[in-house]
Amino acid sequence: MIHLQSVSMVYPDGTQALSGVDLHIERGEFAFGTGHSGSGKSTLLGLIYRDIVPTAGKVIVDGQDVAKLPPQRVPYLRRKVGIVFQDFRLLPQKTVWENVGFALDVVGASRREKYRKVPISLELVGLADKAEAFPHQLSAGEQQRVSIARALVKGPPILLADEPTGNLDPVASWDIIQLLRSICGQNTTVVVATHDREIVNRSKCRVIELVQGVIVRDDKQGGRYDAP
Amino acid sequence: MRLNTIEFLLHEGWEAAVRNGLVTLAAISNIAVALLILGGLVLAGVNLEHMAALQTQKAVIIVELANDADKNAVEQALWDDPRVEDVRFVDKEQAFKQMMAKLGLDVLEKDPDLLGVNVLPDSFHVKPSDPQDIEAVAQESEAIEGVAMARWAKQVTDKLLTLARGIRISGIVMGIVLGMAMLMIVSTTIRLTIYARRQEIRIMQLVGATGWFIRVPFVIEGVLDGLAGGALAAALLLPMYSYCEQYVAQNLQFVDLIYSTQALVLFGLAVVLCGVLFGAAGSLMSLHRYLRRA
Ligand SMILES: Nc1ncnc2c1ncn2[C@@H]1O[C@H](COP(=O)(O)OP(=O)(O)OP(=O)(O)O)[C@@H](O)[C@H]1O
Ligand SMILES: [Mg+2]
């Protein structure tokens with residue numbers, strides 16, 4: 001599903017964010033990307049949803065070389081990739097329902113499709129009863145659930161989450177991670193970038209650890225993340 | 001396209017225009033003023049050219065005969081020119097009466113003896129089929145044996161044409177300046193919207209909205225601004241012009257403004273269309289500059 005072959009990323013200002021990264025994540029897999037702040041986790045995810053293109057090597061997502069994708073095809077790649085951020089990125093003037101529906105509106109979905117899919121997605125994250133609430137009326141954990149519902153509503157084969165628990169307390173964090181884990185496997189590949197050691201260790205999932213842009217460890221079964 | 005999509009795009013564009021409130025009002029009134037000035041110039045220019053054309057068409061060459069001229073020979077010579085459409089003899093008495101009438105003097109009725117002081121010569125009124133030839137025909141007829149001089153209303157026509165040309169040039173210059181101003185104001189308005197909605201745009205990009213899909217609401221906003229500005233300009237311009245036309249018709253006998261309801265309606269639509277085009281162009285300009293990233 002996601003293949004990186006000797007990928008390096010050097011930002012225009014000369015910062016070497018990733019060097020020689022080889023990584024293969026199969027369909028339906030769940031993986032944590034961990035490492036210190038600045039180790040290149042967000043850069044790795046950015047390459048997968050083609051926010052950035054690698055300066056060397058190949059990034060292949062769902063069989064497509066993202067660097068070869070013409071700009072007008074990028075939106076279609078993004079439709080296959082749901083993205084969740086630490087800061088939720090909800091639209092404050094729209095309700096929960098509208099925020100989730102927005103992801104369908106902007107890809108030209110029909111009203112019927114919207115009315116069918118939004119409730120399913122909200123149900124999945126356990127927020128069916130908050131559909132008419134505005135983001136500011138929700139707890140941080142609930143807001144993150146809305147953003148997950150929005151990422152999932154198109155049924156993407158890939159879900160990326162960049163520090164999804166960064167703004168949450170441990171209990172809410174654990175809930176979110178459980179939710180993300182429940183999503184993977186149903187034909188959805190999930191990659192979560194986090195430096196929350198507690199969560200990674202409790203989860204016993206695949207752990208990819210980055211240090212200064214290099215993969216130092218890729219533990220397929222129940223890896224631990226012991227770095228400070 | 002799906003109904004939901006159309007509704008979404010229109011709603012986003014409309015909401016942006018409303019949310020921009022005062023800025024939208026400023027943009028609309030700027031567009032309206034610019035189109036008002038431009039439209040006024042176009043109307044003035046078209047009318048002046050129309051008047052000049054009428055003058056030229058009406059214009060005849062007055063070929064004055066020498067005292068000892070052979071009237072028939074001159075007439076024959078005039079007809080010999082293939083560019084001549086009509087030749088009409090006007091004797092000195094007729095010419096004098098016409099002149100007095102034109103000047104609005106009724107002295108002749110009071111004192112017919114005055115005809116005795118008439119110094120006007122006999123003449124032919126020559127009309128070329130193409131007004132463009134007037135000067136050439138006049139020069140050639142002056143060369144005919146027995147012709148004292150040939151004259152025509154050169155100055156009036158020339159003045160009108162010069163004025164029309166002046167208006168056209170200043171219209172073009174103003175058009176460029178005001179057009180740029182319109183583009184600037186619309187693109188500034190749209191830039192504000194882009195700024196206000198950058199979060200929304202980013203989310204749209206992330207969830208896979210295509211470039212045009214992100215652009216359309218902004219173009220709609222620009223078009224709405226242009227539409228309102230154009231409609232306002234047309235709503236002011238057309239009644240103003242009708243009033244002018246009526247005023248001129250009642251107070252200035254020798255001028256006639258063009259008046260046709262159909263033409264005016266078309267002109268009004270053109271003004272509105274102009275506003276719409278400038279609105280669309282302005283927002284596209286802004287989008288091009290501030291929305292580069294895919
Ligand atoms: N747009 C950018 N331009 C230049 N340098 C960048 C840019 N984005 C990231 N970097 C640099 O690349 C390196 C990796 O950054 P990245 O954001 O991928 O780290 P991270 O692991 O996500 O960190 P954090 O845990 O703090 O989010 C850092 O040194 C960072 O300063
Ligand atoms: Mg990061």
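The tour goes from the interface to a cavity and then to a pocket.

This is a predicted model, in which local features need pLDDT of at least 70 and side-chain atom pairs count only at pLDDT 80 or more, while totals for chains, interfaces and linings use all residues. Residues are numbered from 1 along each chain as its sequence is written, chains are lettered from A and ligands numbered from 1 in the order in which they are written, and side-chain values use heavy atoms, with hydrogens and water left out.

**The interface**

Begin by selecting the residues of chain A and chain B that are in contact (heavy atoms within 4.5 Å); chain A brings 29 residues to this contact and chain B brings 21 residues. The buried area, meaning the accessible area (1.4 Å probe) that two parts lose on being put together, summed over both, is about 2100 Å² here, and carbon and sulfur atoms give 53% of that. On the chain B side, select Asn4(B), Leu206(B) and Val207(B), which lose the most area to chain A and together account for 28% of what that side buries.

Next, display Arg202(B) with Asp51(A), whose side chains meet in a salt bridge at 3.2 Å, N to O; the term stands for a side-chain nitrogen of Lys or Arg within 4 Å of a carboxyl oxygen of Asp or Glu. The rule finds two salt bridges across this interface.

Now colour helices H1 (3-19) and H8 (198-206) of chain B, each of which supplies at least two residues of the side that touches chain A; helices are DSSP runs (H or I, at least four residues) and strands likewise (E, at least two), numbered from the N terminus. H8(B) gives the largest share of that side, seven residues.

**The cavity**

A cavity is, on a 1 Å grid over the protein atoms alone, a set of points where a 1.4 Å probe fits but cannot get out, whereas a pocket is an open set with protein on both sides within 12 Å along at least five of seven lines, and lining residues have an atom within 4 Å of a point. The count is one cavity of 30 Å³ or more, and the largest cavity holds about 90 Å³ of space. Select its lining, which includes Phe85(A), Arg150(A), Ile203(B), Leu206(B) and Val207(B). Strand S6 (81-85) and helix H5 (140-152) of chain A, together with H8 of chain B, each give two or more residues to this lining, and the largest share, four residues, comes from S6(A).

**The second largest pocket**

Finally, move to the second largest pocket, with about 380 Å³ of space, and select Lys94(A), Glu98(A), Asp105(A), Lys114(A) and His11(B), the closest to its centre among the 16 residues that line it. Helices H3 (96-105) and H4 (111-124) of chain A and H1 of chain B give two or more residues to the lining, with H1(B) providing the largest share, six residues.

Notes:
Grid points are joined across faces, edges and corners, and a volume is the space filled by probe spheres set on the points.
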